[in-house]
Amino acid sequence: MDRKLKERLLEESRQPDGVKEEIWNRIEARLNMENNLTQDVKIDSKGRDAFMRKIKITTGVAAAAVAAAVFFTLPAGTAFMEDVKSWFVPEKKVEVEVEGHKEQTDQELHLDEAGSYAIYYDKERYKLVQQDGKDVITTKEPLPEGYPEVSLTIEQYRDEEPAGLAEKAAEALAERYAKVRGITQVNEPVAGYRISAINGNDARSEVEVVYVTDNGGKGSYMLTLKYFLEAAEGHGARFEQMLKEFRVLEQ
Amino acid sequence: MARIAEGDREAFRALYDDYFDYALRTANLVTRNAEAAKDAVQEAFLRVYRHSGQYDPAKPFKPWFYCILLRECCRVIEKEKKTVPYGERLDHIGTEQRFPEAETDIYAALQALDDKYRVPFILKYLHDYSEKEIADILELNVNTLKSRLLKGREKMRKSLGGTFYGSEA
């Protein structure tokens, strides 16, 4: 009977093909994500200035083209907004890689009230609300009690240039998080600076990732992702994908 | 493990290859839920990677690993993390004993046991671990483990209609 019990345990614990690689892919994705979060990159001031000049030039050219198109084609006010909307499809399908799997999501266009920026967000899972003058994309369904906040906040600072704002963001994160890793220059999901912070190493440890990007003028956008470590591959990956669709329109 | 502690992904993959099969089998049997088992195994290997620097090479790896895995199984079952030793938790998380129907087999009889009896049996029969190894994994005294195996056998015998099904622990 001992042998029979062993046979039954082996039989009942059989696993389908592919599970081993599926789990390994999830593990690797998590480790890569955590490496990203804790990567410490030191940037000297000269390198940062040169990088930001490049961002400004690139963004400036793109913004000028947009502004010229608006100026020559349509009047201001609501007509302007209608025209801006016409540049984008109202909804589209976007492929997102979540926990090692690619999936199609339905994404909805959002233009802020001033027509300053556009973003697509996953309307099945998230809602976009305005809080204290900021646009906040957060989960449609509230998370169970005890889970940290999950959100993507978009905020414009019209008079603060990205380099300075990134330093302020890093200082603010240092006051609230146990581990804050250096300001990193990035080209994706937006061109600008990235600062990450984490409180602990557990599944529910709070994670905050801040991107600072040029607003096309003398200011910046601060894009703040909040989630928890276990959700890095889920909400974290979805927010990162949404930021790839972030477009500055004005200036 | 020393290489893993230095961030060597190839060494980590080799360890994953060695331990994955029985880790997932164990998690499947303990959690009785394929998706929860996958989560538990994933988190267990992540913990091994992250905490590989804390592993004491003078001690055997298996008890260390399965202790982590069973904690993760417990966590995914309960959806909350606790810090008390797993062996103690087994005293508290066991559900009411559910005797199987008359025609159920030895596997169903095992899975109907409380966790504190069920999990030691899974480790004993799936892995052929010794009582000392099981006691180490569950952070239990060997005598406590022997007592649980004995009581578990009695409960299974009753649930199977009085048929003696195996040797004494």
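These notes describe a sheet in chain A, the contact between the two chains, and a helix pair in chain B.

1. The model is predicted, so local features need pLDDT of at least 70 and side-chain atom pairs count only at pLDDT 80 or more, while totals for chains, interfaces and linings use all residues. Residues are numbered from 1 along each chain as its sequence is written, and chains are lettered from A, with ligands numbered from 1, in the order in which they are written.

2. Chain A holds an open sheet of 7 strands in the order β4-β5-β6-β10-β9-β8-β7, with antiparallel pairing; strands are DSSP runs of E of at least two residues, and helices are runs of H or I of at least four, numbered from the N terminus, and two strands pair if DSSP finds at least two bridges between them. The edge strands, each pairing on one side only, are β4 (126-131) and β7 (179-186) of chain A.

3. Strands β7(A) and β8(A) (residues 192-198) run antiparallel and are joined by 6 bridges, and Arg181(A) has Ser196(A) in β8(A) as its bridge partner.

4. Chain B gives 24 residues and chain A gives 20 residues to the contact between them, where contact requires C-beta atoms, placed from the backbone, within 7 Å. On the chain B side, α3(B) supplies the largest share, 7 residues.

5. In chain B, the axes of helices α7 (residues 115-127) and α9 (residues 142-159) come within 9 Å and cross at roughly 100°, which makes α7(B) roughly perpendicular to α9(B) (65 to 115 degrees; axes are lines fitted to C-alpha atoms, for helices over the stretch in contact, and angles run from 0 to 180 degrees between N-to-C directions). Among the residues making this contact are Tyr117(B) and Phe121(B) of α7(B) and Leu145(B) and Leu149(B) of α9(B).

Terms used. Parallel < 35°, antiparallel > 145°, perpendicular 65-115°, else oblique.
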